[in-house]
Amino acid sequence: MPATLPAFSRGLKLVRVGVFLMLLQLVLSVVVGVKSGMSNDREGARDAFQWLQYLLLAHGAATMIMLIGVAGGLTELARTRIDTRGLVTATAGFLIATAALAWAYHLFAAFVDIAFDPDASLEAIVESAHDLEGVKYVVIVKDVAYALGLMAVLRTVRESAAASDQLALRDEAARMGRAVLVMLIGDLFYQLTYGLGGSVGITGLIGSLLVGVYWIWCHVRLVRFLENAAHFMNEPHNLPTATAMRMPAENAPAPRAPAPRTSQPVIPARAAAGPVVVPTYAPSPPPPAPRAAGAADEDDAVDGPRLLG
């Protein structure tokens, strides 16, 4: 793996850190529940409200880390020509969830300051308590935006894995998306039927336990999935890519071709032979011309034997 991960892989790691913080804030939820049940005086109630503010801060820090992670991966996906609508939706979802948690923290902080102020009037305390009734709807908006942000991240991972032919990662992202959708439906059913702070009874208690167990199971799986996804989504960036080549100048010498590699011994070339001498022959003399008949008889008469007389 390279020394620095691509932005999208780093964003998935930040989302994983945020999901892990969401699991850790369950400890604060248990502390808030215990202190709320044991508060019998003014100081106990104030201590419980302070721990509730700590819980909201931890929750908001987790969604803020997720927001930074998905927003940082937008430019990376745009560079690789992958659809960025999933990360845009995730960014909007985590932004709404963070804003909802910040608003809930503001309402609780204002109520604590007014309720435990000895100089506060009764009208101010009643008005602040009335404002707290809207926290129920703020929490519902937060849960919906948070779950939609997670599903948008999973959809982006699925599309990116399909583009790089990582079929196992694509199928696992689809399964995790369905699991988060079931988690959202269960949470909405509990919030709309029993709400927050009311009397839930035995049925509501069992329902809240089932929703809580499933919520924990989904987040544990998300921690493992995002760790693997951050590793495997880095692989497409390590593939070789085409690079532009610079053309040589007109007057630049031509590059020498590399010597061919061969396993046979190099045989030296045979020395060049000297100049070839081609023999010349004199032309053959022409054949003698045939003599005439008369000339032949005269010569024979002259040169022949002569009689002595």
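1. Helices (H or I, at least four residues) and strands (E, at least two) are DSSP runs, numbered from the N terminus. On that basis the protein chain has 9 helices and 0 strands, and its pattern along the sequence reads α-α-α-α-α-α-α-α-α. The model is a predicted one, in which local features need pLDDT of at least 70 and side-chain atom pairs count only at pLDDT 80 or more, while totals for chains, interfaces and linings use all residues. Residues are numbered from 1 along each chain as its sequence is written, and side-chain values use heavy atoms, with hydrogens and water left out.

2. Burial and contacts come next. Buried means under 20% relative accessible area, exposed over 50%, and partly exposed in between (1.4 Å probe, protein chains only). Of the 309 residues of the protein chain, 31% count as buried. Contact means heavy atoms within 4.5 Å. Among contacts between residues at least 6 apart in sequence, 80% join residues at least 24 apart.

3. Two packed helices are described by the angle between their axes and the distance between the axes. Here axes are lines fitted to C-alpha atoms, for helices over the stretch in contact, and angles run from 0 to 180 degrees between N-to-C directions. The axes of α4 and helix α5 (residues 122-132) come within 9 Å and cross at roughly 160 degrees. Angles under 35 degrees count as roughly parallel, over 145 as roughly antiparallel, 65 to 115 as roughly perpendicular and the rest as oblique; α4 and α5 are therefore roughly antiparallel to each other. A crossing is left-handed if the near helix is turned anticlockwise from the far one by less than a right angle, and right-handed if clockwise. The crossing of α4 and α5 is left-handed. On the α4 side the contact is made by L107, F108, A110, F111, I114 and A115, and on the α5 side by A124, I125, S128, A129, D131 and L132.

4. A further helix pair is α2 with helix α6 (residues 135-163), whose axes come within 12 Å and cross at roughly 30 degrees. This crossing of α2 and α6 is left-handed. The residues that meet are H59, T63, M66 and V70 in α2 and K142, Y146, L150 and V153 in α6.

5. Rings of Phe, Tyr and Trp (its six-membered ring) pair if their centres lie within 6.5 Å; planes under 30 degrees apart count as stacked, over 60 as edge-to-face and the rest as tilted. The count by this rule is 5 aromatic pairs. In one of them, F49 and F111 have ring centres 5.4 Å apart and planes at 55 degrees, so the pair is tilted. This pair links distant parts of the chain, with F49 in helix α2 (residues 42-72) and F111 in helix α4 (residues 85-115), 62 residues apart. F49 is partly exposed at 21% relative accessibility, whereas F111 is buried at 12%. Ring pairs link F49, F108 and F111 into a cluster.

6. Another aromatic pair is W51 with Y54, where the ring centres are 5.6 Å apart and the planes stand at 80 degrees, so the pair is edge-to-face. W51 and Y54 are 3 residues apart in helix α2, which separates them by about one helical turn. W51 counts as partly exposed at 25% relative accessibility, and Y54 is partly exposed at 42%.

7. Q50 is found in helix α2 and is partly exposed, at 29% relative accessibility. The C-alpha atoms of Q50 and V112 are separated by 8.2 Å, although the two residues are 62 apart along the chain. T91 is found in helix α4 and is buried, at 15% relative accessibility. Not counting residues up to four places away in sequence, T91 touches L67, V70, A71 and L74.

8. The buried residues of α7 include L169, A173, M176, V180, L184 and Y190.

9. L222 lies in helix α8 (residues 201-232) and counts as buried at 1% relative accessibility. Leaving aside neighbours within four places in sequence, L222 is in contact with V19, L150, L154, M176 and V180. L222 and V180 are 42 residues apart in sequence and 9.2 Å apart in space, C-alpha to C-alpha.
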